[in-house]
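Please read the points below with the model open. They are arranged by topic.

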Amino acid sequence: MKIFNIYLSGVGGQGIGLISEIILRAADHAGLNALGVDTHGLAQRGGMVSSHIRIGENIHSPLVSKHKAELVISLERHEAVRAAADYLAENGTLVYYNTSWQPLPVRLKKAQGISEQQVEDFCQKGAFRLFKVYQNDLPDPRMQNIALLAAICKNKLVAGLAVEHYQKAMNDLMAGRMLETNLGMFKSLI
Amino acid sequence: MKSFADMLLSREAFSEIVMGNTAVVRAMIEAGARVVTSYPGSPTPEIASAIAGIKAEDRPFYFEFSTNEKVATEVAYGASVNGHLSTVFFKSVGLNVAADTFVQLSLMNLIGGMVVILGDDPGANSSQNEQDNRHLARLSYTPIFEPANPQEVYQYYKAAAILSRQLHIPVILRLTTHVCHAKQKVNFAAWQPADFDKTPAFDVKNGPYMPLTSLVFPMKRRALGNLQQVAEMSENKGLHQLVGNENPRQGIVTFGMPFLSLLDCLAESGGKPDILKLGMIYPLPQKLIAEFLRNHEEVFVLEELDDIIEGEIKRLAFEQQIKVKIHGKTDIESWIGEYTADKVAVLLAAIWPEIAPKPAAAPDFSVAVPPRPAQMCPGCGHRSAFHAVKQALGDDDIKVADIGCHTLGFMPPYNMGQLLMCMGASTGIAAGMSLFNASRSVVCFLGDSTFFHAGIPGIVNALFNKHNITLIIMENGTTAMTGHQDHAASGRNFNQATDKIPVRGVLEGLGVKHIYEVDTYQQEKLTEMVKEAVAVEGFAVVIARHPCMLKLMREQRRKENFQAKMVSIDKQACNQTHACVSDFACPTFIMHEDGSIDVNPDLCIGDGSCLQTCPAKAINRPENR
């Protein structure tokens, strides 16, 4: 199988760790060889966070190289463009959750924020596939990651991963009400 | 849900996707570790998270977070000379704190064995430097194993434990950030719990344990003799990996994670140099390396951070008169940063361009995305405190930062922190800056975990030598930055409830005459207190206290009747002075292009600490969502 690299980005506190662990485990449940790594430590505090996932046979380091990600998954609009610009490979796909957590320079009016239009323009220029995800009625903003995961599953953005693999992975990682709510929403969106 | 605790205690062999930091815990269990200690610091605290997952009564070994890395090392040492296999783990710069004890370990007959796990941080992902701790290993004659991935973390810990117990020496397991955090399916062996002999086996006959003047020499001879023995053992090919491509021209010597980066580069370029990947990296297997040098016209030493083995390998070639061209570090950049596949590709291209992968094309257009530095959480008490402290200080006053979440106060718009060194250093630095200084007040910050870790000596010194400085202690009851580990004033240790050692009580006991204390969120009062404290001629302390809001909110969310709240903007009252954004700068506030302000529902935790910062009183009280 060809190597499939995924780069995930977001802001500390958005739950990137859970979505990356679910995809990694889903790949494993699908019988694929996979590696991953997450940001931990200082950067978690409201800064930019990233995770790397690599799927395939001849893979060694868990880190994805620049401009070599077939798929960039982002939990936030600014981080979506930053990640895509740095990591997306030719013909790659960007899928992002359309929320905006303004970076400090934007709030201080020292820089311009990124608009939805800019994301679209960016992908059009680069000939990247773009999926924008937004869910109006989320019971808790911390479930945005699962809404994004559902879009990834529904659009089959990770080759070889099917609904049951994602569900098994979610079962591995959650229990009780958390599992119930997240799995319920995941199923309703796919 | 999978129970990682059950998995770590499984009697049967199994495979599971885990990170390096989890894999090492299973290795400790299998190897029979009895005492494990640490002080939290990235990239290693998840080792403790994995241990915490196992119920205290099921834990096969004792674990504690000690007051600092030095004490942690001492506790592990004490256990080892009593016959128990012990392990201490901490981050890269933690070894500086532990060094006074650590450098002595190899002089001692560690009858139980002791493994020191170092979490080095190439790339300075969450540290104040990229120091290469292999230097301290050499300085102290301590062997090092360095794994490249979680599977090897597990295997090498066990090998380190065996070696340590066999020769009664300390052995280092050196991990780097992305080895600690890499996730991979690891194959674990079966485990049969062994009976544990609790007899305190300490006996001076196993010593000497008293390194004093001339008594040092026999102990040093023993340490060097052990190292020589390990050097011979390191020739065991099973400890290393030879990737043979029968290439007489190009050979590469490497180890750790850069080995994986190299394999990724070669998979892409199709290059086929021979590779000698070392598992034990100190002392080096000299015969094995000499043979590798002889078999190649050119050898590239691919070594992250400093040029330690490059120097040793060049010396070896010189001594043995081996005719080989040795490539190593070329410029300053090759000493800096993590050796990712991208970096290794650049290094390869400089030496052997034909086997370097071509860099992927970057888009030929760009979009300016504003940077997103780490910042304090929404509702963080430190933000409230910095906002208030700033009102009390002049622009020209000197503000000394320390390590912790509150370090982030250095950023705009607070600018509360102009110098940073290491854990607990702020009070000492501030004292130095107060000398011959009658015009600029000197204020320094300290967290409560750091207070106990390394902060107290600086405070004692400030009292002892009558320094004229103001210390602001940001007391949030936990070690927040590394994931909320308890400390001496938390009222709990890793294993049980314990008496709090109150920060204020310690200060009073030391004889600090001027102590001010206030809730972090009472900004006006805090501003006044800082003004008073700065006016004191001598040493004054202000304690800004509130439990870490992130931790508190997480605990409250778990409660059955929890009701989420958030503030809102009174658009009529808002006159767009933007104090909420420009001065207070909680990430919750959204600045629209027309200058109007909104509240981000993803972020607001409804603490309401922002209300007092709006001159127009345009922020409404937190209401139920």
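1. Conventions. This is a predicted model, in which local features need pLDDT of at least 70, side-chain atom pairs count only at pLDDT 80 or more, and totals for chains, interfaces and linings use all residues. Residues are numbered from 1 along each chain as its sequence is written, while chains are lettered from A and ligands numbered from 1 in the order in which they are written. Helices (H or I, at least four residues) and strands (E, at least two) are DSSP runs, numbered from the N terminus.

2. Contact between the chains. Chain A contributes 54 residues and chain B 55 residues, contact being defined by C-beta atoms, placed from the backbone, within 7 Å. On the chain A side, the elements giving two or more residues are helix H1 (16-29), strand S2 (34-38), helix H2 (77-87), helix H3 (104-107), helix H4 (116-126) and helix H6 (163-173). That side has 26 nonpolar, 17 polar and eleven charged residues. Here Ala, Val, Leu, Ile, Met, Phe, Trp, Tyr, Cys and Pro count as nonpolar, Asp, Glu, Lys and Arg as charged, and the others, Gly among them, as polar.

3. S2 of chain A runs antiparallel to strand S8 (residues 182-188) of chain B, and two bridges join them; pairing requires at least two bridges found by DSSP. A:Val37 is opposite B:Ala182.

4. Sheet in chain B. The order of this open, seven-stranded, mixed sheet is S3-S2-S4-S5-S7-S6-S12. Strand S3 (62-65) and strand S12 (280-282) are at the edges with a single partner strand each, so one side of each has no neighbour in the sheet. Inside chain B, strand S2 (residues 35-38) is parallel to strand S4 (residues 86-91) over four bridges, with B:Val36 opposite B:Thr87. Helix H4 (residues 69-81) of chain B lies across S2, S3, S4 and strand S5 (114-120), at about 165 degrees to S4; axes are lines fitted to C-alpha atoms, for helices over the stretch in contact, and angles run from 0 to 180 degrees between N-to-C directions.

5. Helix H5 of chain A. Helix H5 (residues 144-154) is largely enclosed by the rest of the structure, because nine of its eleven residues are buried. A residue is buried if 20 or more other C-beta atoms, placed from the backbone, lie within 10 Å of its own, exposed if 12 or fewer, and partly exposed in between. The buried residues include A:Ile146, A:Leu149 and A:Cys153. Among the elements covering them are strand S4 (69-74), strand S6 (129-133) and helix H7 (176-189) of chain A.

6. Positive phi. A:Lys156 is exposed, with 11 other C-beta atoms within 10 Å. B:Ala585 also has a positive phi, about 55 degrees, but is buried, with 25 C-beta neighbours inside 10 Å.

7. Cis peptide bonds. B:Ser42 and B:Pro43 are joined by a cis bond with omega about 15 degrees. The bond from B:Pro412 to B:Pro413 is cis too, omega being near 5 degrees.

Conventions: Contact = placed C-beta atoms within 7 Å.
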